[in-house]
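Here is my note on the model, as numbered points. Please read it with the coordinates open.

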Amino acid sequence: MRRRARGPPRRRAGETAGPARAFGRAKGPTRAFGRARGPAPDLSYDTRAIAAMSAAPLRLLVFDRTCTGPGSQPGLSDIWAAGRHLYRALGRLDAAHGVASWAEALDWLGGFAPGRPIAEIQYWGHGRWGNVWVGREPLGVTALAPGHAHHERLARVRARLLPGERGLFWFRTCETFGTASGHDFARRWSRFFGCRAAGHTYVIGAWQSGLHSLLPGDEPSWPLDEGVRPGPRDGPGDPSGGKALASHRRAPNTITFLHGRVPAGY
């Protein structure tokens, strides 16, 4: 028996012809993909949120890239470079830069993402009581005085740092805050930049002992001889002729290289 040819299907009231019919009864432009459930979501970007993210305070790291090992052996700069990637992966930094001079370091800090303030600066390198080093170049409190070659660069960095408790300049260097010279450095650095300065009194490595911080206007509270083995000619309270001690886990205010924040009270 031959089947009777049928004409086009009848349309019910409310239905529409065309591609939308294949998906069911149309009740508006979205009916072809299922039952409409209110207005379509707004997928436009929130420009205010983007602006807030682009203006968020930065966390920056500078490290000494000149401390290489002999031949093909890794040096401290290789360790610091690897630590940079680890800290970025952990979300503790926004950017990092290896430098060969203080001019390069300060120019980068003053010019990176210039529209954003800076909440934290860490420096990884060598130090000595009251000084920090890039290669063989020291930086101490004399650089804070007008007329010094780095004074204007330091002032540009200062203009970007958040004030008081909201800003931090952390020297993860050996013994910079030790002895009377370290006290003077901490005091004058925090007052020049108007924010918290942090540093160590011991030789640091995996263990990082003698971590202290100072706000502008405060006075150092840690002992002058913390982290120091006095020399034979040192007088009382003046161990500047001695040698710095290595960090260990029982030393005062000890953290490890994995700590990304200055603990409360340090």
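1. Start with the second largest pocket. β3 (118-124) and β7 (164-172) each supply at least two residues of its lining. β7 gives the most, with 4 residues. Strands here are DSSP runs of E, at least two residues, and helices are runs of H or I, at least four residues, numbered from the N terminus. A pocket is found on a 1 Å grid over the protein atoms alone: an open set of points where a 1.4 Å probe fits, with protein on both sides within 12 Å along at least five of seven lines. Lining residues have an atom within 4 Å of a point.

2. The volume of the second largest pocket is about 190 Å³. E165, G167, L168, R196 and V262 are the closest to its centre, out of 14 lining residues. By class, the lining has 6 nonpolar, 3 polar and 5 charged residues. Ala, Val, Leu, Ile, Met, Phe, Trp, Tyr, Cys and Pro count as nonpolar, Asp, Glu, Lys and Arg as charged, and the others, Gly among them, as polar. A volume is the space filled by probe spheres set on the points, with grid points joined across faces, edges and corners.

3. A caveat on the source. This is a predicted model, where local features need pLDDT of at least 70 and side-chain atom pairs count only at pLDDT 80 or more, while totals for chains, interfaces and linings use all residues. Residues are numbered from 1 along each chain as its sequence is written, and side-chain values use heavy atoms, with hydrogens and water left out.

4. Now the largest pocket. Its volume is about 360 Å³. The lining holds 17 residues, with I79, W80, G205, Q208 and F257 nearest the centre. Helix α2 (residues 76-89) contributes the most, 6 residues. The lining divides into 10 nonpolar, 6 polar and 1 charged residues.

5. What is the strand order of the open sheet of 6 strands? It reads β2-β1-β3-β7-β8-β10, with mixed pairing. Two strands pair if DSSP finds at least two bridges between them. β2 (95-99) and β10 (211-214) are the edge strands with a single partner each, so one side of each has no neighbour in the sheet. On average, neighbouring strands are turned by 20° against each other, direction ignored.

6. Look at β2 in detail. β1 (residues 58-64) runs parallel to β2, and 5 bridges join them. D64 stands opposite V99 in β2. β2 is largely enclosed by the rest of the structure, because 4 of its 5 residues are buried (under 20% relative accessible area, 1.4 Å probe, protein chains only).

7. Helices pack on the sheet too. α3 (residues 102-111) lies across β1, β2 and β3, at about 160° to β2. α5 (residues 179-193) touches β7, β8 (195-200) and β10, and makes about 150° with β8. Angles run from 0 to 180 degrees between N-to-C directions, and axes are lines fitted to C-alpha atoms, for helices over the stretch in contact.

8. α4 (residues 151-160) packs with α5 at about 65°, axes 9 Å apart. The contact (heavy atoms within 4.5 Å) involves H151, L154, A155, V157 and R158 of α4, with W189, F192 and F193 of α5. By class it has 6 nonpolar, 1 polar and 1 charged residues.

Notes
Buried means under 20% relative accessible area, exposed over 50%, partly exposed in between (1.4 Å probe, protein chains only).
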